[in-house]
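Reader: Please take a close look at the charged side chains of this model and how they pair. Go on to the strands beside them, and spell out the cut-offs as you use them.

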Amino acid sequence: MFSILVVTVFLASCLAMPIKDPYSYSSAVGQGGGTPFASYGEGRITGVRVWETNNNNYYYYYYYYNSNAYISGFQLRYGSTWSPVFGREGGEKQEMELFNDESIVEVSGKYNPVDYICKLVLTTNTGRTLSAGQPSQVSFNFYPANMGNELRLLSGRFNGAGITSIGAHWGLVYMERAGNSTLDTALETVTPTYS
């Protein structure tokens, strides 16, 4: 009888243990001037667009030592709906559509501490990448703190020319009832019975 009581107390204490926070945040990099933004949408991120401004008409010295190549804007698609454009649609556009069950698990790139995000690289759990911008200035690398998490949103600041700072928010999609995970499908197929 005593052993049953010990096992019961042990199991109850395990259930009472705090659950690790399923979300994490990669702190923003960049000078951070301008208007704040945070992408939003329901469901998993299914597409990305990034605009890059590359002013090649400047002298090499000015181009090399001053960041004239930078990320001017980006847009995320949640499910089938595109978010607003954060920044502006100026320059060359890079676009990537994600496959079913593909998610963004790393955000990296380069930033100039006095003006813009210079390069943005988004990497998925299948190893595919979208890369825009030029590889100069200070490096950054964001990834989720918890296994199984994926990119949920990007936040930061932008001005009339481009993105001045960026940070990443990570989480679990199924917890938000996105409608595209196997857990959601299983929950929706259960028919409640009443007695």
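Salt bridges and the strands around them

Author: A network of salt bridges links R44, D101 and E150. The model is predicted, so local features are given only at pLDDT of at least 70 and side-chain atom pairs only at pLDDT 80 or more, while totals for chains, interfaces and linings use all residues. Numbering starts from 1 along each chain as its sequence is written, and side-chain values use heavy atoms, without hydrogens or water.

A salt bridge here is a side-chain nitrogen of Lys or Arg within 4 Å of a carboxyl oxygen of Asp or Glu. By this rule there are six salt bridges. One of them joins D101 to R44, at 3.7 Å from N to O. D101 sits in the loop between β7 (92–97) and β8 (104–111) and R44 in the loop between β2 (35–38) and β3, so the pair ties together parts 57 residues apart in sequence. Strands are DSSP runs of E of at least two residues, numbered from the N terminus. D101 is exposed at 57% relative accessibility, whereas R44 is buried at 14%. Buried means under 20% relative accessible area, exposed means over 50%, and partly exposed is in between (1.4 Å probe, protein chains only).

E95 meets R49 in another salt bridge, with 3.3 Å from N to O. This pair also connects distant parts of the chain, since E95 is in strand β7 and R49 in strand β3, 46 residues apart. E95 is partly exposed at 38%, and R49 is buried at 19%. E95 forms a salt bridge with K93 as well, the closest N and O atoms being 3.6 Å apart. K93 is partly exposed, at 42%.

Strand β3 (residues 45–54) leads on to β4: nine bridges join the two strands, which run antiparallel. Strands count as paired if DSSP finds at least two bridges between them. E52 has I71 in β4 as its bridge partner. In β4 (residues 69–78), 10 of the 10 residues are buried, so the strand is largely enclosed by the rest of the structure.

β4 also pairs antiparallel with strand β6 (residues 86–87) over two bridges, and F74 has F86 in β6 as its bridge partner. Strand β5 (residues 81–82) is likewise joined to β4 by two bridges and runs antiparallel to it, with Y78 opposite T81. β4 and β5 form a hairpin with two residues between them, and G79 in the turn has a positive phi of about 65°.

Methods
Helix = DSSP H or I, 4+ residues; strand = E, 2+ residues; numbered from the N terminus.
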